Amino acid sequence: MAINPAGPAAAPLLAALHEEAFPPAERWGAQAIGLLLDLPGHFALLATEGDEPAGFAMGRAVADQAEVLTLAVRPAARRAGTGRALMLALAAEAARRGATELFLEVAEANVAARGLYGALGATRAGRRRAYYPDGGDALVLRLALTPAG
């Protein structure tokens with residue numbers, strides 16, 4: 001698996017991956033992704049298996065804090081280490097940009113994602129009630145980052 005930076009020009013591909021990975025109410029379109037990637041501190045990483053896109057992660061880093069904006073893995077690429085590889089790459093990029101901690105929201109009901117983040121060392125930092133369109137709560141998680149280098 002290869003993981004490489006993806007800029008605003010990749011927004012249509014990233015939106016297609018997001019569409020495969022999320023229910024309709026939670027999908028991000030190409031325009032929104034492209035606009036985010038044009039903002040300072042925002043970045044995306046694309047995972048490919050051979051010539052096939054497997055998923056992507058998008059984050060932002062400002063000062064000493066970073067945030068995972070989204071992590072999308074194609075259903076066919078799940079349970080193969082893609083999500084873990086993307087999270088490790090995103091954390092490394094955030095640390096390279098000077099962040100010392102990484103935050104993210106995860107649906108309380110998403111047991112698989114919570115397991116992934118927990119295995120990476122993320123700890124609970126809070127809760128956002130009725131955060132998702134279906135009314136589900138989000139857990140706010142924090143992951144301490146090792147300084148780059």
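Tutor: Contact here means heavy atoms within 4.5 Å, and helices (H or I, at least four residues) and strands (E, at least two) are DSSP runs, numbered from the N terminus. This is a predicted model, in which local features need pLDDT of at least 70, side-chain atom pairs count only at pLDDT 80 or more, and totals for chains, interfaces and linings use all residues. Residues are numbered from 1 along each chain as its sequence is written, and side-chain values use heavy atoms, with hydrogens and water left out.

Student: Which residues of α4 are buried?

Tutor: Ala113, Leu116 and Tyr117. Buried means under 20% relative accessible area, exposed over 50%, and partly exposed in between (1.4 Å probe, protein chains only).

Student: What puts them on the same side of α4?

Tutor: Their arc around the axis is only 90 degrees, so they sit on the same side of α4. That arc is taken from the directions from the helix axis to the C-beta atoms. An α-helix has 3.6 residues a turn, so residues three or four places apart point the same way. Exposed Val111 and Ala119 are on the face of α4 turned away from its buried side. After α4 comes Gly121, with a positive phi near 100 degrees.

Student: What is the mean pLDDT of α4?

Tutor: Helix α4 (residues 111-119) has a mean of 92, the lowest among the elements of the protein chain, while strand β1 (residues 2-6) has the highest, 98. pLDDT is the predictor's confidence in each residue, from 0 to 100. The protein chain averages 94, and 99% of the residues score at least 70.

Student: Why is β4 called largely enclosed?

Tutor: Because 8 of its 9 residues are buried, β4 is largely enclosed by the rest of the structure.

Student: How do you know that β3 and β4 pair?

Tutor: Two strands pair if DSSP finds at least two bridges between them. β3 and β4 run antiparallel and are joined by 8 bridges, so by the rule they pair. Gly55 has Val73 in β4 as its bridge partner. The two strands form a hairpin with 2 residues between them.

Student: And which way does β4 run against β5, parallel or antiparallel?

Tutor: Parallel, over 3 bridges. Glu67 stands opposite Phe103 in β5. From β4 the chain crosses through α3 to β5, and this β-α-β crossover is right-handed: with the strands pointing away from the viewer, the path from the first strand over the helix to the second runs clockwise.

Student: What makes Ala63 and Arg79 exposed?

Tutor: Ala63 has a relative accessible area of 63%, so it is over the cut-off and counts as exposed. Arg79 has 83%, so it is exposed too. Neither is a glycine, yet phi is positive: about 55 degrees at Ala63 and about 65 degrees at Arg79. Ala63 is in the loop between β3 (52-62) and β4 (65-73), and Arg79 in the loop between β4 and α3 (82-96).

Student: Why is the pair of Tyr131 and Tyr132 called edge-to-face?

Tutor: Rings of Phe, Tyr and Trp (its six-membered ring) pair if their centres lie within 6.5 Å; planes under 30 degrees apart count as stacked, over 60 as edge-to-face and the rest as tilted. The count comes to 1 aromatic pair. The centres of Tyr131 and Tyr132 are 4.9 Å apart and their planes stand at 85 degrees, so the pair is edge-to-face. Tyr131 is partly exposed at 40% relative accessibility, whereas Tyr132 is buried at 16%.
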